[in-house]
Amino acid sequence: MALQVTGASFSLLRNSRTRRSIRAVASEESVTIQTGGEDKVKLGGSDLKVTKLGIGAWSWGDTSYWNNFEWDDRKLKAAKTAFDTSIDSGITFFDTAEVYGSKFSFGAVNSETLLGRFIKERKQKDPGVEVAVATKFAALPWRLGRGSVISALKDSLDRLNLSSVELYQLHWPGLWQNEDYIDGLADAVEQGLVKAVGVSNYSEKRLRAAYKQLKSRGIPLASNQVNYSLIYRLPEENGVKATCDELGITLIAYSPIAQGALTGKYTPTNPPTGPRGRIYTPEFLTELQPLVNRIKDIGQSYNKTPTQVVLNWLVSQENVVPIPGAKNAEQAKEFAGAIGWKLTNDEIAELRSLASKTKPVMGFPVEKL
Ligand SMILES: NC(=O)c1ccc[n+]([C@@H]2O[C@H](COP(=O)([O-])OP(=O)(O)OC[C@H]3O[C@@H](n4cnc5c(N)ncnc54)[C@H](OP(=O)(O)O)[C@@H]3O)[C@@H](O)[C@H]2O)c1
């Protein structure tokens, strides 16, 4: 039933006279329609299907970058409602990492531990719930050999309280040992510890090499997780997006709302606090204003928020799964409304062109290694 309504909405969308009212219908229906299998996408050449948008769990328990360096019960409750609301809204793909909520950071709680707890509590109430977990291996210089991947993965599984995860990714290219790490990923698939494997912050050259090496073992490279947003389009410029499309690797877009800078919430007079404030300065936010204003205008014509517009822009690039970070139920709910509808090609092009007038912020230097 829900799918029929959606289908009708999409065919009517082509009629510009009815555009506005029908889009409002599509936006309300989007929460319902995402739960169907058709609204999932295959991750690269793997058999794994995930929702078209996932949720990033970096901030859960973190005290090194997020949460004003403090974690408390109120933030924990908010993170749990973010998790539950995502599931209720049909978003079932969650991204974490062994280093999120690092034990080296004072007062932090590991994000994998929290995610594992949320999944367990949810399963007690709702045993049939399906959750796809992606986590990551930290390529630290003292980690040697392919066995180090398996042993880190087993530690992650312990924290998550799971016997396997859907996606295991190399968080960044190591200084050395990269071929061993790729072999470790393939071993993890063969041992049934993961359904699919991916990399993160990989350049075109590294991506091609990893793809080839895995292929020789009969295993597809499912994904490359990189920084990608309307104002950080390096993957379009450095060959990473084109290579993902060519080889059938899904691009998982991290920091897709530019850590809040593209949502309209932060302005030159209300910049973000903490480490983000050093990146998204009042000067930068002033420069961003014309783009944010246009995003707001376009959003209004669809009855959508700026956050939903910028996430839809990413999904519209095809072969892209954004993973915005949600700290609370409201943010999670908003993300769910980013899919199930589509910006026009003209709007997509106009936003890219406006965004190109903004100087990009500095990314994670490892992606250039
Ligand atoms: N592989 C890697 O190297 C790598 C690197 C970075 C991130 N990641 C992954 O990508 C995920 C997302 O990236 P990210 O957390 O860096 O950035 P992001 O998703 O672009 O931004 C998330 C932040 O934006 C703010 N926000 C969320 N929803 C909002 C809304 N509706 N309106 C206004 N503000 C909103 C929240 O912070 P406030 O509420 O405090 O403003 C939230 O913490 C991470 O959780 C992680 O899983 C991976």
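1. The model is predicted: local features need pLDDT of at least 70, side-chain atom pairs count only at pLDDT 80 or more, and totals for chains, interfaces and linings use all residues. Residues are numbered from 1 along each chain as its sequence is written, and side-chain values use heavy atoms, with hydrogens and water left out.

2. The ligand is surrounded by 31 residues, each with a heavy atom within 4 Å of it. Asp-95, Tyr-266, Arg-276, Gly-325 and Lys-327 are the closest.

3. This shell holds 13 nonpolar, 12 polar and 6 charged residues. Here Ala, Val, Leu, Ile, Met, Phe, Trp, Tyr, Cys and Pro count as nonpolar, Asp, Glu, Lys and Arg as charged, and the others, Gly among them, as polar. Helix 13 (residues 329-336) contributes the most to the shell, with 3 residues; helices are DSSP runs (H or I, at least four residues), numbered from the N terminus.

4. An N or O atom in the side chain of Lys-265 lies 2.8 Å from a ligand oxygen atom. A backbone N or O atom of Trp-58 is 3.1 Å from an oxygen atom of the ligand. The protein covers 93% of the 890 Å² of accessible area that the ligand has on its own (Shrake-Rupley method, 1.4 Å probe).

5. Helix 3 (residues 73-88) packs against helix 4 (residues 111-125) at an angle of about 55 degrees, with the axes 10 Å apart. Axes are lines fitted to C-alpha atoms over the stretch in contact, and angles run from 0 to 180 degrees between N-to-C directions. Helix 3 is therefore oblique to helix 4 (under 35 degrees is roughly parallel, over 145 roughly antiparallel, 65 to 115 roughly perpendicular, and the rest oblique).

Definitions and conventions. Polar contact = N/O pair within 3.5 Å; in protein donor to acceptor, adjacent residues only side chain to side chain. Helix = DSSP H or I, 4+ residues; strand = E, 2+ residues; numbered from the N terminus.
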